[in-house]
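Please look over the structure shown below with attention to its surface and its backbone. The report that follows takes up these two topics in turn.

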Amino acid sequence: MKIPGFIRSNEWWEYKLTLFLFVGLFVILDLGSSNPISSIFHLSILLMAIIVGAVFVSLINDFTDLEDDKKAGKSNRLAGFSISKSIFFILISISVGVLFIWYLWSYSRTIFFYLGAWISFSLYSFPPIRLKSRGVFGVFADAFGAHVFPTLFIFSGMFEFLNKEPEFSAFLLWGGWAFSYGLRGILWHQYFDLPNDRISGVQTLASHLGVNRIKSLEKIILFFELISFILLITLAHQTFLLVLLVMYLIYSGLISRVIQITQVLILVPEKGSWTFFMASFYQTVVPLSLMFFLSVESPVFLILFPVYLLFFTKDLRMNYGLIKSLVYRLKKS
């Protein structure tokens, strides 16, 4: 079945959903589950709720960007639809979101985080507030809406489902990790899209902050991201992820040095191939390793592997190609 282009799934499907999948699996492995099937089902419900939210965000971003995209000569997926039809699509996504809120009504804290994501992006997109055009406020709104609130939604939702109470420090660490990674993501997007924003007159943070200033901030943001993640896995005693992190850092260094693939923190080089640093670790390495250890505890979790391979293969295929090139270059040398 062909997914409608106007929901922009190519911009978030694998890049975001795999992160939230890993958060849910992390909690299940950390707390344990007496009923693996029910845990998988509940995590699936939470992920579907996020998908609906992501569709809403895609629709309102394109809807509120119609005029700006027209000025910049940039394609807009809603340009071919009437205003009434575009509003209809938005209302449908809101209606489905309300159904998920109704289903999860007993999870009061979890619903707060779910609503937080919807509100953040509404403030980000809709005038007269339209935080997208308000510098640092737009960056924060995107980081919270796209990463912090969804991460805490999954984290809280799995804890409440398993009848456990997380420590406040865990919320801070998950939030800190998600905010740092989300900050790198939205700044990458803004600087990548800066030429279009300058033509349309959209005043993002990237239009105010020079490249040299961002270069000085890249490593600071990454430092907080890695520290938050390392503390998370250390406190949860999931030390195997520390080993995998070291292996990933070695791998990143090799593909950077041997096959000249730049590891991008925020700013993309003008020439040459690049990958977004840590993305493959969060999207592929962590989810697959968590599935493996959960399957060792209960074979029921083996069902996650074919599901993952059915829906999330882009990053896996990319790294397969990189590993083949790396092995070839190393043999040649």
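Which residues form a nonpolar patch on the surface?

## The nonpolar surface patch

In this predicted model, the nonpolar patch on the surface is formed by Ile 220, Phe 223, Phe 224, Ile 227, Leu 231 and Leu 235, which together have about 580 Å² of accessible area.

Among these residues, Leu 231 is found in helix H10, which covers residues 211–235. The relative accessibility of Leu 231 is 39%, so this residue counts as partly exposed, given that the partly exposed class lies between the buried limit of under 20% and the exposed limit of over 50%.

## A cis peptide bond

Most residues other than glycine have a negative phi, and most peptide bonds are trans. Against that background, the bond that joins Pro 127 and Pro 128 is a cis peptide bond, with omega at about 10 degrees. Pro 128 is placed in the loop between helix H5 (108–125) and helix H6 (136–161).

## Positive phi values in two loops

His 237, although not a glycine, has a positive phi of about 60 degrees, and this residue is found in the loop between H10 and helix H11 (240–258). With a relative accessible area of 67%, His 237 is exposed.

Gln 260, likewise a residue other than glycine, has a positive phi near 60 degrees, and its place is in the loop between H11 and strand E1 (262–264). Is Gln 260 buried or exposed? Its relative accessibility is 54%, and because exposed means over 50%, Gln 260 counts as exposed.

Conventions
Residues numbered from 1 in each chain as written. Predicted model: local features only at pLDDT ≥ 70, side-chain atom pairs only at ≥ 80, totals over all residues. Heavy atoms only, no water. Patch = residues over 30% accessible without salt bridge, like charges linked within 9 Å, V, L, I, M, F, W, Y side chains within 5 Å. Areas by Shrake-Rupley, 256 points an atom, 1.4 Å probe, with all protein chains shown as cover. Salt bridge = Lys/Arg side-chain N within 4 Å of Asp/Glu carboxyl O. Helix = DSSP H or I, 4+ residues; strand = E, 2+ residues; numbered from the N terminus. Buried < 20%, exposed > 50% of the residue type's maximum accessible area, 1.4 Å probe, protein only.
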